[in-house]
Amino acid sequence: MQQSIDSLLQQLRENAALPFEQARAMPKAVYTHPEFLEQEQTHIFKQEWICVGRQDAAKNPGDYFSCEIAGEPILVIRDKEQQLRAFSNVCLHRLSTLKQGSGNCARVVCPYHGWAYNLTGKLVGAPQMQHSPGFNKQDYQLPEVRLEIWQGWVYLTLNNDAEPMTDKLSTLSDKINRYGMEHYTQTFCETHVWDTNWKILAENFMESYHLPVLHSGTVGPHSKLEDMDCPPGEPAYNYHWLRKEASLAIGNAHPDNTALEGDWRYTTALIAIYPGHLITLTPGYFWYLSLQPLAVDKVQILYGGGLSPEFIDDPEGIKAIEQLKILLDEVNVEDRQGVEAVFKGAHSALAEPGHLCWLERPNYDFANYLSQRINGK
Ligand code: FES
Ligand SMILES: [Fe+2]
């Protein structure tokens, strides 16, 4: 029999209220309960800033890409004044979605009956509508969605009252500004769907505890858990550091990089911005996931990466990121097996979640975030 949502929320709250040293992994049903997902959509994905990619995915006027947040179709497009904007991607005639994928256009033309919108969302063409006396082009404007850029990332929110992203992440900016992530260039970006709950994948990213074991066939042998530093998180994000020479040259600062000094030249930041933007930031490259739930058992994953300015200008850097992409794809196959196995286990009637390891401090912080967002509203 399914647990009641009230008892699940109470369990989550009680576990989150324990000191970290005593806390266990989150209750099983947070990963499987359909009503919990509804609560997440209402209190998290419709309220928070959601990362939909890098701003260099739409560099020139008319460049666009489509995306969704909390199931709402959105079009991100650069206007003639070079401003990146986000609009509802639904036609105001009979509600066809407008654009799919990415590209460049002078006007956004609906594929159904040809209504056309300019790059600021105004209706500028509507075939045959001069014969409809009540119709007036000027009355039609695609609804605009809040968009903010932080360190080169494009964030959207459906919540008009959401605190500006730059304010929310100001303490994170202080920690990582030295990397200059806003100047990194994306070299790949893909979308995938995996059969697991979105939080299982988010939590998998937040802890490096699994690296030596789950990734024993790839990056595990290079992972030294004693090189990890897992400080307590902040309300909007958690993070941990990995301080050691990277096995791959692009994981350390390029010789032309004069901004990073001392240990920072070989320190990696592993950042989880709530709800599901997960970034591995090294002095030479970055890669990331941005997660959104499609169902209790399906997560949509935006997966991309790229290089720092010094490596983007170095032909060796381009070769190395291509090799790294091959390695990351192999690592992702291992992670996929891991997180799909956890999702299966979360349905067990017999098993109960156990205590967290010191390397799972970010998971504890994430559980607190969820508990506050869902219980607190
Ligand atoms: S639905 Fe777009 S023009 Fe008719
Ligand atoms: Fe992993």
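The model you have here is predicted, so local features need pLDDT of at least 70 and side-chain atom pairs count only at pLDDT 80 or more, while totals for chains, interfaces and linings use all residues. Residues are numbered from 1 along each chain as its sequence is written, chains are lettered from A and ligands numbered from 1 in the order in which they are written, and side-chain values use heavy atoms, with hydrogens and water left out.

His215 sits in the loop between helix H6 (211-214) and strand E12 (228-229), and Asp335 belongs to helix H8 (residues 315-345), so the pair ties together parts 120 residues apart in sequence. Helices (H or I, at least four residues) and strands (E, at least two) are DSSP runs, numbered from the N terminus. His215 is buried, with a relative accessible area of 1%, and Asp335 counts as buried at 7%. Buried means under 20% relative accessible area, exposed over 50%, and partly exposed in between (1.4 Å probe, protein chains only).

## A domain from the record

UniProt, in an unreviewed entry, places the feature "domain: Rieske" at residues 49-156. UniProt positions are given in the numbering used here, feature names are shortened, and annotations may be inferred rather than shown by experiment. Over residues 49-156 the chain is 0% helix and 42% strand, with the end C-alpha atoms 5 Å apart.

## Aromatic contacts

The structure holds 20 aromatic pairs. Rings of Phe, Tyr and Trp (its six-membered ring) pair if their centres lie within 6.5 Å; planes under 30 degrees apart count as stacked, over 60 as edge-to-face and the rest as tilted.

Phe45 and Trp198 are edge-to-face, 5.0 Å centre to centre with 85° between the planes. This pair links distant parts of the chain, with Phe45 in helix H2 (residues 34-45) and Trp198 in helix H5 (residues 198-206), 153 residues apart. Phe45 and Trp198 are both buried. The ring centres of Trp287 and Tyr303 are 6.2 Å apart and their planes are at 90°, so this pair is edge-to-face too. Trp287 in strand E16 (residues 285-295) and Tyr303 in strand E17 (residues 298-307) are 16 residues apart. Trp287 and Tyr303 are also buried.

One aromatic cluster is formed by Phe45, Trp198, Tyr274, Phe366 and Tyr369. Rings meet charges as well: the charged end of Lys325 sits over the ring of Phe188, 5.2 Å from its centre, and Arg361 lies over the face of Phe20, at 5.2 Å from the ring centre. A charge sits over a ring if NZ of Lys or CZ of Arg is within 6 Å of the ring centre and within 35 degrees of the ring normal.

## Salt bridges

The count comes to 13 salt bridges, each being a side-chain nitrogen of Lys or Arg within 4 Å of a carboxyl oxygen of Asp or Glu. Among them are these:

| Pair | N to O distance |
|---|---|
| Lys199 and Glu40 | 2.7 Å |
| Arg373 and Glu48 | 3.9 Å |
| Arg243 and Asp229 | 3.6 Å |

Arg243 lies in strand E13 (residues 237-243) and Asp229 in strand E12, so the pair ties together parts 14 residues apart in sequence. Arg243 counts as partly exposed at 29% relative accessibility, and Asp229 as partly exposed at 33%. Salt bridges that share partners join Glu48, Lys168 and Arg373 into one network. Both Arg373 and Glu48 are buried, and so are both Lys199 and Glu40.

Helix H5 is mostly covered, with nine of its nine residues buried. The buried residues of H5 include Trp198 and Lys199.
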